[in-house]
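Trainee: Could we go through this one together, a few strands and a surface spot at a time?

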Amino acid sequence: YQSIQELQAIQAELPLLRLADPDSTDIVVEVASLETVAFPFRPPPVVVQNASARIVMSEDSLWFRDLRLQLPGSRVVAEGAFVTESGALRIGMRAAPLALGDLQFVYPALPDSGGGTFKLGMARRDGLTRVVARELDFAAEGAVLSGHLDVQMGEQLRLGETDLAFGGVDTRLMDRYAPQFEAPVEGSADGRIQLAGTAEALQVNGWVNFAERSGQISRLVADG
C-alpha cells in the first residue's frame with residue numbers, strides 16, 4: 001500500500017520551528033501564513049489561500065490551536081487534540097462560510113455552488129464518538145437545511161436534542177448523492193423534525209410535506 005500527497009506552489013512563513021530542545025521532547029510548529037495547492041487525494045486539489053496555526057507534537061499526543069483556514073469560498077477556525085495511544089480526539093470548529101465547491105477534493109461529485117455556516121464539536125473517547133453541530137444554515141441546488149444536531153455513536157446510536165428544518169429536498173438530489181436510497185415517488189420535501197433518544201426509545205416530533213411531480217401533496221405529522 002502506498003499513499004502519496006502532493007503540495008505545489010508552497011509559500012510559508014514559520015516564526016517558530018522547534019524540532020529538538022534539551023528541556024522538552026515536544027515538537028512545536030508555528031505557522032504565521034501558508035499558501036499552497038494541495039493534492040491530498042486524486043484531483044481536484046484543495047487551494048489553500050492562507051492558513052495559520054500553532055501545532056505541538058509530544059510523545060503521545062498532537063494538538064493544534066488557533067487554526068485559521070482560508071479557501072476560495074470558505075473561512076474556517078478550529079482547535080483540537082489527538083492522543084495517539086488511545087485514539088481519543090477532541091475538535092472544535094466554526095465555518096463561516098463553508099463552500100461545497102471547496103470540498104470537491106474529498107468528494108468530487110459535490111456541486112460548484114452552495115454551502116453555509118455551522119459550529120461543530122467532535123469528541124471521541126472510550127469507544128464513543130459524539131458530534132454536535134449547531135447553528136447549521138446550508139443551501140445547495142434549491143435545498144435548504146438549518147437547525148442543530150447531536151449524535152453519539154458507539155455500541156448504539158443515541159441522539160441528543162436534535163432539531164432540523166429543511167426545504168426543497170428533491171428526490172433527484174437523493175438519487176445523485178445517496179444512490180442507495182430509492183424513493184417510491186418522485187418529488188420534493190419540506191419539513192421540520194425534532195429527535196432525541198435511541199432507536200429503541202426514540203422521541204419524534206415534526207412534520208413533512210411531500211409534493212409529487214403530479215402536484216399532489218402528502219403531509220406526515222409525528223408527535224411522540
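Predicted model: local features only at pLDDT ≥ 70, side-chain atom pairs only at ≥ 80, totals over all residues.

Trainee: How many bridges join β13 to strand β14?
Mentor: Residues are numbered from 1 along each chain as its sequence is written, and side-chain values use heavy atoms, leaving out hydrogens and water. Strands are DSSP runs of E with at least two residues, numbered from the N terminus, and two of them pair if DSSP finds at least two bridges between them. β14 spans residues 187-198 and runs antiparallel to β13, with the number of bridges being 9.

Trainee: Which residue in β14 is the bridge partner of R158?
Mentor: Look at a residue that lies in strand β14 and touches Q156, L157 and R158, not counting residues up to four places away in sequence. Contact here means heavy atoms within 4.5 Å. The bridge partner of R158 is T198.

Trainee: Is T198 buried or exposed?
Mentor: Buried means under 20% relative accessible area, exposed over 50%, and partly exposed in between (1.4 Å probe, protein chains only). T198 has 10% relative accessibility, so the word for T198 is buried.

Trainee: How many residues are between β12 and β13 in the hairpin?
Mentor: Strand β12 covers residues 143-153 and strand β13 covers residues 158-170; they run antiparallel, joined by 7 bridges. One of the pairings links G147 to L164 in β13. The number of residues between the two strands of this hairpin is 4.

Trainee: What is the relative accessible area of L14?
Mentor: L14 sits in the loop between β1 (6-13) and β2 (16-18). L14 counts as partly exposed because its relative accessible area is 42%.
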